[in-house]
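Biologist: Please show me the model, and then let us go through its ligands.

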Amino acid sequence: MRLLFLFLFTSTISFAQQRPNIIYIMSDDHDADAISAYNKKFISTPNIDRLAKEGMLFTKNFVANSICGPVRATLITGQHSHKNGMKDNRTRFDSSKLTMPKIFQQNGYQTAIVGKWHLQSYPTGYDYWKILPGQGLYVDPRFISMRGDTTTYKGYATDVISDEAIKWLDNRDMTKPFLLHIHHKAPHRYFLAPLKYIEQYHSKIFPEPSTLYADTAGHGTAWRLQTMSILHDMKLCSDLKVDPKYLMDNPALKPDSAQIAYYNSIFNRIPEPERRQIKKIYEERGKLLQQLNPSGKELLKYKYQWYLQDYMACVASVDENVGRVLDYLDKNNLTKNTLVIYTGDQGMYLGENGWFDKRWMYDVSMQAPMLMRWPGKIKSGSVNTNMTQSIDYAPTMLDAAGIKVPDFMQGLSLVPGMTGKQTILPRHNLYYHFYEFKADHTVLQHVGVRGERYKLIYFYTVGEWELYDLKTDPQEQTNLIRSAAHQKIFLQMKQELVKLRDKYDDHEPAGELH
Ligand code: SGN
Ligand code: CA
């Protein structure tokens, strides 16, 4: 009897070991340019880069609706927003839906999520969860636990999320394979890093994008309506931590009471002595503004540098914490049988067009970083240049675990491409639909299609089309919609768009696209 039990026990373990574990790490607003495996000009991220070195870098990974909650709903459903219902950040995700983590559970996996959730309803399908309420806090973050209570944890968000994820790994049921989601808050706005990284980054000078000083003249209504300009919309006191006292006598820069309150709420959470030390570093910014009183382009020049200094300092901490998780896998003999995926929820403007934030179908915000490591399955140092999309995440994870991908999922499994069995994905155009206009940064609703060479966008509430040639104009500055030479391409792309809308069953806005 004991022998039989031992046999059953060990065979359960070996069966469990055959099925891979999956760790999916997603940071908030982490642009590919802020990962050195993609771009070495801004920051060195040796730990995230390890995934590319030992695995695969996806150079053309895109989202379907460049905004937080919707990407997260797509992650767990494998569906476009109109199908999973989560069209914008204000929607409440219907947690009774069948989702990817639920299917993992049904197939004997242990499932867990720690960090940012942002779907308004509580997670389902996870055996364990600990989530940040809403956007969460950088310092001493609060977490909602499965019991429904909210507890404050001492420390910096990225460290605490990793601590909690590692704690879960330590206490998990070792007989089952696992699916673990680690969702960081950083480097989301208001870009607050730990002291050691603020010290490292506050004096760095970053290269300016060639479109930093671009203006909206000659562009469409959507460009005119957006409120995501670093010069006009990024806040000195909250986003860039300038002490209000340096701005009070300056009529052009004087903060309102809400900004002063925001500044105080950020700094009041930082414990001493760090608070004093961090304030001291940021004093340089206030003094500079007081002495030089820059405006227009000159002010933008400074704001851009300060934005990148703070953003990259947050990324440095994310990278350190990815390293901690990879070390844990090494030390616990888990590296070989674990598929590790790193993504950001979408791209992020780092000064291109003079902007911050995301939302647009332009490549800067539609592209999301994606790196994967799966020893023995993915060849180290490989690069995947197929156009992949957020609808593919769930099918890929299920397929990697040998679980059938349900028909309701709209994406493709990337496993054949990851394991060298397929070089070209059987899909040549990506569909995109953004909805959240009347909220932050006022980017108009749009639908569109991205092909390998051309991109067509339709801002349907104002009836304006944009067509870009991604080969000759990768920064998407010249709208070719009125170019006589491009009318044939316009019609072809329009047909592709109609086809994709049929394929994915999206009928909003109703009627023909004129
Ligand atoms: C907050 C930010 C916005 C950001 C949204 C959505 N403003 O409202 O800049 O676009 O979140 O971000 S802030 O003043 O509160 O920082 S998302 O990543 O959750 O989609
Ligand atoms: Ca985000």
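Modeller: A residue counts as near a molecule if one of its heavy atoms lies within 4 Å of it. This is a predicted model, in which local features need pLDDT of at least 70, side-chain atom pairs count only at pLDDT 80 or more, and totals for chains, interfaces and linings use all residues. Residues are numbered from 1 along each chain, ligands are numbered from 1 in the order written, and side-chain values use heavy atoms, without hydrogens and water.

Biologist: How many residues surround ligand 1?

Modeller: The closest ones are Cys68, Gln135, Arg189, Asp357 and His441. By class, the shell has 3 nonpolar, 5 polar and 8 charged residues (Asp, Glu, Lys and Arg count as charged; Ala, Val, Leu, Ile, Met, Phe, Trp, Tyr, Cys and Pro as nonpolar; the others, Gly among them, as polar). The number surrounding ligand 1 is 16.

Biologist: How far is an oxygen atom of ligand 1 from an N or O atom in the side chain of histidine 188?

Modeller: For asparagine 89, the corresponding side-chain distance to an oxygen atom of ligand 1 is 2.9 Å. For histidine 188 it is 3.0 Å.

Conventions: Polar contact = N/O pair within 3.5 Å; in protein donor to acceptor, adjacent residues only side chain to side chain.
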